[in-house]
Each structure stands twice: as structure tokens, then as C-alpha cells.
Amino acid sequence: MPSLKDIKTQINSVGSTRKITSAMKMVAASKLRRSQEKAEAARPYSSRLEEMLSSLASSAASGEGIIKLLTGTGNDQNYIVVPVSADRGLCGGFNSSINRETFKLVKSLEGDGKNVQLIPVGKKSRDFFNRVMKDQIIESFVDLNVSSTGYESALNISNKLQEFYFDGKFDKCILVFNKFKSAISQEVTQQQLIPLDVSNSKKEEEKENSSNAIYDYEPDEETILKDLLPKNVSIQIFKVFLESDAGEQGARMAAMDNATRNAGEMIDSLTLKYNRTRQAFITKELIEIISGAESI
Amino acid sequence: MATISFDLVSPENLIFNDEVGTIIVPGKDGDLGVLPGHTQVMSSLRPGRVMVYSEDKNLVKSFFVSGGFAEINPEKCIVLAESVVELNSLDKSSIEKEIEELGSKEDKESLEQLSIAKAKLEAVTVSFYDKI
């Protein structure tokens, strides 16, 4: 039987764990609000950019140079997969679901005979892929701090990707990230970044074409498109980072809420055990006294 | 005199959104003066000043943008800019210092930054109309 002191120490240690988890929950909740605001604030820019792009996309014939971001290289052999995870743990299944999904995707692409390379973003996915497919990592980005550095971080990665793309190092780039659905649920999503997937904005494009296709372009459509495409890549990445950041905070909040509740339950059951043990000791002592008195 | 709605948007947030009289936008091939009822134009921008004038032609706000796009139609003008700073928050001496530092480097990125910094300096030094 554990001594009373042992149980008391255990109760105290679970109690302080609960304090930590509940504090982390509060922090995550306030960060979540901020991340959500950021994601909200970024929306007008990206939606505008998408609109402009879709109204221009129709005018792009298969071309050379930057237009390739839209039309593709014509090949389908070399892939780059970019898993976007968090830098820190203690957020439930957030990171592991990204890693699992990416791993599955890479395996299935390899099964189709494609070459796959990885650019993990965030410490958790970098560490994971460093263990399982080290030689496929060509670059990694950690310590991004999207909420404080903002757009710069996305720009770095976007520049790197485009450099690789125009060097002919890959034909397609796929992002794997947690899409922010609500504060408590995230959905692992794959998004093709390069070449740009315009199929989802097709409907909008048709609408746009019928209503106002009479824009004057200055200097001309091609020049604008050439400016627009690289920016679009960056902004897509930025959007994904913001979503993932908000998702991370949400996941952490949920995980810490659970942990706090579990700690509470544990304290309750330990307290019960403590009281029972205490009573058992008292009873035992009473029996000793009584039997001692009887024997006299 | 009518007004035109003007949005200035950066990737991080919506910076300006109001009904105004005139906007001067730094188009790639030269400045565009945008008044209510402007024809539909889509233009890419060079680094330069975005000047916002009220209905009675007084300067309301002035910004420096490092390039981007403008979408203009008769009722609305939207400027998408990658980095936006308010003009009067810029400091001439710090820009000069930046130019000096960048001047010695020769990689592509710093050359690009240099041209933006130069445009910034120009935006601060060159005079403009407080009232048009």
C-alpha cells in the first residue's frame, strides 16, 4: 500500500501539471484569436488576386518563362511535396496527421514511378522526415513565426520554390497542410501549388468573362500575368501558413483542454484514494489499541 | 462631384478603405489619375507613391507601395500592394543609409531592393500637390 505521503506528492504534481496545461490552453486561445484575425485580414488580398488571375488566365497560351507557373512544364515526373507542420508539439494529432498524410502521399507517388523530393516546413515535420526519408529532403524551413514575421517568411519559400522550378528541378509542387475548419477541427488538405490549379476558380472565371471582360490592360495582359503569377504563389503559401498557424493554436487549445480535464479527473481519484488510505490507517491503529487493551 | 471607393490592400491587411475624390496610382508606364467614372483598367504598378485626395481635392493620405496591381472600374479602385508604408512615416536619412548598404551588394535580390529604396527616396524628396 502506498504511503500517505506518496499519494500527497502525486496529487501535488498532477495539480501543477493541470495548472500548466490550463495556462497553455488560455495562451493558445488568445493566440488563436489573433491568428484568426490575421487569416481574416489576408483574405481580401488573396481573393482579389485570384479574381484578377482567373480573368487573365484565359489569355495565357502555353508559353515560356514565367507563364510556366500556370501552364506547367508539360511533364509529370518530378514532384516536390511541402508538408506544413508546427514548430512545437503538445497540440494533439496536428503534426502527426500531417506527417502521416505526407508519408502516404509520397509512397503513393513513388508507387506510380515518380521522383519525389521534400521541403518540410516546421520543426516537427523536418524532424520526422529527417528520420524516415532523409535523402529526399532538399531544403527545410523552420522557426517561421508566421504571426510575427508575416509575409516575408512566405516570400522566402516562394522564391526558393520558383528558383527550383525554373531550374527544372521539379514539375509539380504539392502542399500538405491543416486547413482551419473551426477552432476545434482541422482537416488535412493537399493543394497543388505549381502549376497553378485554376479549375476551382473556373466558375468565377466564366462569370467574370460574361460580365466584364472589357478591361484595358496596362502595360499588357502578358506583362501583368508575369507579375501576377509569382506573387500568387507567394500569397497562396502565405495563406496556407496562416491557416496552419490558426489550426495549430486551435489544436493546441483542444489538446490542452483535454489534458486539463484529465488531470482534474486524476486528482479526484487520487484524493479518494488518499482519503481511503487515511481511514484504513486510522482503523488499523484503532484495532491495535483495542486489541492491546483487551489483552491486559 | 461624385466619389469613388478606394481599397488599398496588402497581404497582411486592408490598409485603406473609403470613398474618395481622386487617387493617383503609380502605373508601370506612368502615373494614373483615377477619378470617379474611370474606365476599366487593370494595371501593374511600379514602386512609387499612391496619393489619395478627398472630394474637395485636398490630400487625405499618401502611401509608398513597392509595386503591385491596380484594378479600376467606374465605381471602385483596388490597389493590391506587397508592402505599404505611409509616406510621412518614412525617414529620409534611414533610406539613404539603406541605399548605401545595398549599393555594395550585387546579387539579384539586393539589386531589386535597391531600386525600391531609390524609388522610396524619390517618393520622399520629390514634391507633390497638397491640393489639386
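The buried residues of helix α3 of chain A are covered by elements that include β1 (78-83), β2 (115-118), α4 (123-132), β3 (172-182), β4 (185-194) and α8 (221-295) of chain A. Helices (H or I, at least four residues) and strands (E, at least two) are DSSP runs, numbered from the N terminus. A residue counts as buried if 20 or more other C-beta atoms lie within 10 Å of its own, exposed if 12 or fewer, and partly exposed in between, with C-beta atoms placed from the backbone. The model is predicted: local features need pLDDT of at least 70, side-chain atom pairs count only at pLDDT 80 or more, and totals for chains, interfaces and linings use all residues. Residues are numbered from 1 along each chain as its sequence is written, while chains are lettered from A and ligands numbered from 1 in the order in which they are written.

In α3(A), the buried residues are F94(A), N95(A), I98(A), T102(A) and V106(A). Seen down the axis of α3(A), they fall within an arc of 90° (taken from the directions from the helix axis to the C-beta atoms), so they line one face of the helix. An α-helix has 3.6 residues a turn, so residues three or four places apart point the same way. The face of α3(A) turned away from the buried side carries the exposed residues K104(A), K107(A), S108(A) and G111(A). After α3(A) comes G113(A), whose phi is positive, near 85°.

The two chains meet in a contact that takes 23 residues from chain A and 20 residues from chain B; residues are in contact if their C-beta atoms, placed from the backbone, lie within 7 Å. On the side of chain A that touches chain B, the elements giving two or more residues are α1 (4-57), β5 (216-218) and α8 of chain A. Strand β5(A) is joined by 3 bridges to strand β5 (residues 41-45) of chain B, and the two run parallel; strands pair if DSSP finds at least two bridges between them. D216(A) stands opposite V41(B) in β5(B).

Within chain B, the buried residues of helix α2(B) are I116(B), A117(B), A119(B), K120(B) and A123(B). Down the axis of α2(B), these residues fall within an arc of 160°, so they line one face of the helix. They pack against β6 (48-53), β7 (59-65) and α1 (92-103) of chain B.

V20(B) lies in strand β2 (residues 14-20) of chain B. V20(B) is buried because 20 other C-beta atoms lie within 10 Å.
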